[in-house]
Amino acid sequence: MNIRTFISTRDSNPALAKNFKDAILNPSAPQGGLYTFDTLPELSTQDINSLGSLSYEELCIKLFKTLNLGLDEVLLKDILQCYKSFDNPNNPAPIMSFDENLFMLNLYSGPTRAFKDMALQPFGALLSHFAAQKEQTYMILAATSGDTGPATLQSFANKPFIKAVCLYPSGGTSDVQRLQMTTQEASNCKVIGIYGDFDDAQNALKSLLNNTHFIESLHKQNIALSAANSVNIGRIVFQIVYHFWAYMSLLKNNKLTLGEKISIVVPSGNFGNILGAFFAKKMGLPIDKLVVASNVNNILSDFINTGVYDISQRTLLKSKSPAMDILKSSNVERVLYTLFGAKRTKECMQSLNTTGTYALNKDELALLQEDFLALFCDDTQCLQSIAQGFKKGFVLDPHSAIAYYGAKKLQEEGAITKTIFLSTAEWSKFAPSVWEALAKAHIVQGICKNDKEALEGICGHTQVSIPPQIGILFDKEEVQNDVISPTEIESCIMQWLRDKN
């Protein structure tokens, strides 16, 4: 069997395809596209049943073999040791029951308390291994709306042959998320705040990946360029695994019967998390509907419900769920390729870049809606959902609360039945919003002025405690203090490199 190759979303010429290793190390695909699967293997019901007895590590190895990614099993076992740093090394993604038809997948039990750890910890170890193997220094760029940055820095800190640069929107993250980045002391990590929003940070990252002058300047210092965002297909592949794990966990606990379909609700911003579920479905995992739960920046729910992606007249709104404050969702492009092919995807992306909009035709929209449902949740509904979850015995963060809202609403309407919603971050990263939700529901009293007060206040009224990874942040010095305009990023990075030499 030939090793699987990855194709550009905008140019399906097989001569331009790359293997998994090369696509990870060099994520800029032809015609400005993204590397993605050209085809996916499909598992039978018997194949899926055979996964039921596997540990998370064994499941990952089995799925990677099925995908035929060409990775050595010894190497894969080694990089998966990263899950030993999670709350439960044997179950890094535990599933919890809200009731007989509603379940929550906890994806925040890793070192930075957000779902990005599930992919970025093994991905970082894998990319670092490839760099060391080649004895080639790589600069890893990351743009973050709040969670990718801390997870990237955690994964790559002090790794040989790695220099990690993280871009975040100044004022656009929670205090805890900011502290997770600005207190990073590793000498190979650089954190840059920018004046702007996440879309500005992501656009800057994509621009740098295709900036000939920047790339040549790095090459002169024997530095190659890669990325940790979900523009890198290596991130997405690891995000397929936990959807299988969730399904198998429900089978083991007799909450599902083999072959029974379940819907998955994902709080969505850049579309990478739900893309992993989409690929899992295409591989044969019995998924009914993939539900996109948006916040007030409801570009994704508008697109899935109308077929029109239009950011030409929209302004990004700051919300209680800042990690989802995004208008230009990169990973939608990979869904377009899977459903409609490279030519149509290129047309849509060129239209988006030049006019700020593109539209699917009636047949294309119908095909998209075979897999996806979508809705959005405003801040008031988000805070109410946090309070409702609390009464069920769960302390939800604002992003997880949006998924919970979406799952309950669609179940009540009869649009979906058995459902998993993804909890993508721990409450501790957004304590002021959680406190506000509980105060508005008269569960707690008083006002908390900052993250630390809110953390302590919530712990004083509940059975939860502040995770040590979060608690120590408030005693650390903020050593990464740069905040600049996007136009200054290239010069800032080059000055950092000069200072290190």
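## Phe372 and its contacts

Let's start with Phe372. Skipping its neighbours within four places in sequence, Phe372 is in contact with Phe271, Ile274, Phe278, Leu290, Val292, Ile304 and Val335; contact means heavy atoms within 4.5 Å. Phe372 has a relative accessible area of 1%, so it is buried. (Buried is under 20% relative accessible area, exposed is over 50%, and partly exposed is in between, using a 1.4 Å probe and protein chains only.)

A quick note on what you're looking at: this is a predicted model, where local features need pLDDT of at least 70 and side-chain atom pairs count only at pLDDT 80 or more, while totals for chains, interfaces and linings use all residues. Residues are numbered from 1 along each chain as its sequence is written, and side-chain values use heavy atoms, with hydrogens and water left out.

## Rings that meet

How many aromatic pairs does the structure hold? There are 18 of them. Rings of Phe, Tyr and Trp (its six-membered ring) pair if their centres lie within 6.5 Å; planes under 30 degrees apart are stacked, over 60 edge-to-face, and the rest tilted. Take Phe271 and Phe372: their ring centres are 5.7 Å apart and their planes sit at 45°, so this pair is tilted. Phe271 is in the loop between strand S10 (262–267) and helix H11 (272–282), while Phe372 is in strand S14 (residues 372–376), so the pair ties together parts 101 residues apart in sequence. (Helices, H or I with at least four residues, and strands, E with at least two, are DSSP runs numbered from the N terminus.)

Phe372 also pairs with Phe278: here the centres are 5.6 Å apart and the planes at 20°, so the rings are stacked. Phe278 belongs to helix H11 and Phe372 to strand S14, so this pair links parts 94 residues apart in sequence. Phe278 has 0% relative accessibility, so it counts as buried. Phe271, Phe278 and Phe372 are among the members of one aromatic cluster, which also includes Phe6 and Phe20.

## A covered strand

Is strand S5 (residues 102–106) mostly covered or mostly open? Mostly covered: five of its five residues are buried. Leu102, Met104 and Asn106 are on one side, with Phe103 and Leu105 on the other.

S5 has strand partners, too. Strand S4 (residues 95–99) pairs with S5 in the antiparallel sense over four bridges, and a hairpin joins S4 to S5 through two residues. Strand S15 (residues 419–423) pairs with S5 in the parallel sense over five bridges, with Asn106 bridging to Ser423. Two strands pair if DSSP finds at least two bridges between them.

## Helix H17

Now for helix H17 (residues 398–412). Its 15 residues should span 21 Å at 1.5 Å a residue, and its end C-alpha atoms are 21 Å apart, which agrees. The expected span is 1.5 Å times one less than the number of residues.

Of those 15 residues, 12 are buried, so H17 is largely enclosed by the rest of the structure. The buried ones include Pro398, Tyr404 and Gln411. After H17 comes Gly414, whose phi is positive, near 80°.
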